[in-house]
Amino acid sequence: MTTLDVSGSRAAHDAAVAELRRARAASGPSVQLGKRTSNLFRFGDRDRPAPATVRLDTSALNGVIGVDRIARTAEVQGMTTYETLVDATLAHGLMPLVVPQLKTITLGGAVTGLGIESTSFRHGLPHESVQEMDVLTPEGELLTVTPDGEHADLFHAFPNSYGTLGYALRLVIELMPVKPYVKLTHLRYPDAQAATEAIIELSDLSRSGHERSAGGTGIGTVDFLDGTVFSPGEQYLTVGEFVDEPMPGARVSDYTGQEVYYRSLQRRPVDHLKVRDYIWRWDPDWFWCSRAFGVQQPLVRRFWPRHLRRSDVYRRLVALDQRYQASNHVRRAFGAPEEEMVIQDVEIPVARIPEFLEVFHRDVRIAPVWLCPVRLRGQRTWPLYPMDPDELYVNVGFWSSVPEVPGKPDAHNRLVEELVADLGGHKSLYSTVHYDEDEFWARYNGPAYRAVKDRYDPAGRAQDLFSKVTGR
């Protein structure tokens, strides 16, 4: 294994783990790993530890232990951000199979939660490329878990458990080779049905390896696939292909400066990005959410430092606003209604995407909306997030706020949850959850969760999943 000088040796990792376990043993029954960043959107008191909770220092567990170029694997500490992980692996011409969209998502967070990106139609979700993990259980045990070992039940139940079954301190993950550039082709469709049919065709194209021609532009291998919906009549799918160099005369774009990536979809049918810039194409503007801070206005953007055009900066601003309700105070002062945050990622079976978008456009009216096809890598399933391995899904992401319905402050979020359930889909748990307890466990496999919880946290030292994500 080629060890990288980014987090020290394996011995340093072992020492950091030993210190963490010592601190865990010396603390009370309720602990939480301290992280400098968060990509959760469960704001308010429910997102803060109870007074008796001790935050454990994880600052020594945020690097890459090593990269094996031959085996195409990386050994990574659990609190490592994907920004650090990608920098380490790209130095060797490799990248993780799935890199979630935002730089400060951690590897451990993407595995115990869920992650997704434009390779997910080929490579599934981040936890599907994990070969083994060291998990610190709520009881304080350190267990090495693998798909087929003694603790296979914990390995399979870990995704979507959000730290309630333990914390991943070390992971070994698969990597894939990259080329220096990604060629992007943005294909426009007039409605959701046409875009859905194209998603199915392009996903099948990737599996078959054949070439096709779309809109006069030749598309070779489909290495990446995602989409953006601007309105019911304006929908784009973006096909990404690894290339060794741009086409002759083509520009290589940079969306960390004055230009905004998502706006390029509407005016630049073919584009090229360096591979690192492609991986982080959404981060400088948090998809399109930076517009809420005026950062997409040319004058503001010119004076907003480039190093602060990052998703974690915007997220902290939103957290402050939610804590002090500044936006709603201003709205009330001007006689405007308060707004309900509707921040969700949901997986819908691909054939039912037109039904979902029809209701969404009519009753929620948030735009743009992100589309990301996803299919499990094989026949292995994951009990706490049940997906059919033979089904192609589309993740629909929407992150904004809308005027509250008088007397029904959560009306839009509840509508989304009900619609997702009616269409046979699933909802990610990183944001607000409104299910009652019986419905929650019916959707997230309560019996399977309870069996693993009873084995690895018999004393109930950590919250259960329902309490963790709902604050109830």
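1. Basis of the model. Residues are numbered from 1 along each chain as its sequence is written, and because the model is predicted, local features need pLDDT of at least 70 and side-chain atom pairs count only at pLDDT 80 or more, while totals for chains, interfaces and linings use all residues. Side-chain values use heavy atoms, with hydrogens and water left out.

2. Overall build. The protein holds 16 helices and 18 strands, which are DSSP runs numbered from the N terminus (helices H or I with at least four residues, strands E with at least two). A compact globule of 472 residues would have a radius of gyration near 23 Å, and the 22 Å of the protein agrees with this; the radius is taken over C-alpha atoms, and the globule rule is 2.2 Å times the number of residues to the power 0.38. Of the 472 residues, 56% count as buried, where buried means under 20% relative accessible area, exposed over 50% and partly exposed in between (1.4 Å probe, protein chains only).

3. The sheet. Eight strands form an open sheet in the order E14-E9-E13-E12-E16-E17-E15-E18, with antiparallel pairing, two strands being paired if DSSP finds at least two bridges between them. Strand E14 (270-274) and strand E18 (426-427) stand at the edges with a single partner strand each, so one side of each has no neighbour in the sheet. Within the sheet, strand E9 (residues 181-189) and strand E13 (residues 234-243) run antiparallel and are joined by nine bridges, and tyrosine 189 stands opposite glutamine 235 in E13.

4. Helix H10. The 14 residues of helix H10 (residues 311-324) should span 20 Å at 1.5 Å a residue, and the end C-alpha atoms are 20 Å apart, which agrees; the expected span is 1.5 Å times one less than the number of residues. Among the buried residues of H10 are Tyr314, Arg315 and Val318, and what covers the buried residues of H10 includes strand E15 (339-349). Glutamine 325, with a positive phi near 55°, follows H10.

5. Arginine 267. This residue lies in the loop between helix H7 (261-264) and E14, and at 48% relative accessibility arginine 267 counts as partly exposed. The side chain of arginine 267 makes a polar contact with the side chain of glutamate 259 (3.4 Å); such a contact is a pair of N or O atoms within 3.5 Å, and within protein one must be able to donate a hydrogen and the other to accept it, with residues adjacent in sequence counting only if both atoms are side-chain atoms.

Terms used. Contact = heavy atoms within 4.5 Å.
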